[in-house]
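Student: I've got a structure open and I'd like to learn how to read it. Can we go through it together?

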Amino acid sequence: MYCILITGIPASGKTGMARFLSGRLGIPYVSKDELKELLFDELGFSSRAEKVRLGIAAMKLMYDFADRLLGQGLSVILENNFENSSREGLEELLKKHSCRAVTVRLTGEKRKLYERFLEREKAPDRHMGHVVNDCYPPLNGKQIVRKPLSFEDFQAGIAARGMDSFAADGPCLVLDTTDWEKVDREAAAEEIVRLAEREGEAADG
């Protein structure tokens with residue numbers, strides 16, 4: 001039994017990696033953003049503060065699902081842009097189940113990832129709840145206005161929140177996803193299993 005954390009910079013490919021590893025390793029994954037989208041659609045928000053509360057609720061749900069799986073002796077993959085504020089709840093979860101995590105941190109050249117971030121925000125299949133901060137769904141058919149984040153704010157947010165340095169207690173595998181074509185996901189999956197099994201043996205010993 002082990003916990004795999006998929007984290008890193010926005011638009012670095014975390015959800016895609018979590019889905020691949022889930023299928024490749026046969027381990028369920030829980031994505032905070034996917035939970036947030038369900039909450040956005042069911043509850044909506046009318047202010048930045050309400051949106052933040054839904055994000056906190058999604059985090060608690062993610063940890064609750066992980067708690068239930070680990071409690072049954074099952075491994076789990078958690079996908080989120082883990083940051084400094086995520087640490088306390090995560091440490092409580094891992095301590096409760098005597099489980100150390102393998103952190104998989106996705107990173108890359110920030111300018112390239114910023115460009116990918118902007119393209120993602122403009123994509124027609126991007127959930128609008130992530131894009132807007134004031135109100136979702138829009139009231140009275142009001143058109144959603146997309147306000148692009150500056151590169152400076154993109155970098156500052158990453159640094160301030162610790163997204164590019166987060167790691168749980170345990171091994172950390174860093175993957176450069178600037179160019180997805182150069183990422184050997186099969187090799188990464190094999191290395192993750194090796195690290196996880198090593199941690200399991202250390203815990204048993």
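Student: Which residues point one way from strand 4, and which the other way?

Tutor: In a regular strand, side chains alternate between the two faces of the sheet. Here, A101, T103, R105 and T107 point one way from strand 4, while V102, V104 and L106 point the other way. All of them are buried, meaning under 20% relative accessible area with a 1.4 Å probe, protein chains only (over 50% is exposed, in between is partly exposed). Strands here are DSSP runs of E with at least two residues, helices are runs of H or I with at least four, and both are numbered from the N terminus.

Tutor: Before we go on, this is a predicted model: local features need pLDDT of at least 70, side-chain atom pairs count only at pLDDT 80 or more, and totals for chains, interfaces and linings use all residues. Residues are numbered from 1 along each chain as its sequence is written, and side-chain values use heavy atoms, with hydrogens and water left out.

Student: How many residues of strand 4 are buried?

Tutor: It's 7 of the 7, residues 101–107, so strand 4 is largely enclosed by the rest of the structure.

Student: Which strands pair with strand 4?

Tutor: Two strands pair if DSSP finds at least two bridges between them. Strand 1 (residues 3–8) pairs with strand 4 in the parallel sense over 6 bridges, and I4 stands opposite V102. Strand 5 (residues 172–176) also runs parallel to strand 4, joined by 5 bridges; there, R105 stands opposite V174.

Student: Now zoom out: what does the chain's secondary structure come to?

Tutor: You get 8 helices and 5 strands, and from the N terminus on they run β-α-β-α-α-β-α-β-α-α-α-β-α. The radius of gyration, taken over C-alpha atoms, is 17 Å, close to the 17 Å that the globule rule gives for 205 residues, so the chain is as compact as a globular protein of that length. That rule is 2.2 Å times the number of residues to the power 0.38. Of the 205 residues, 46% count as buried.

Student: And where does S47 sit?

Tutor: Look in the loop between helix 2 (32–43) and helix 3 (48–71). At 26% relative accessibility, S47 counts as partly exposed. Leaving out residues up to four places away in sequence, S47 touches N133 and D134, where a contact means heavy atoms within 4.5 Å.
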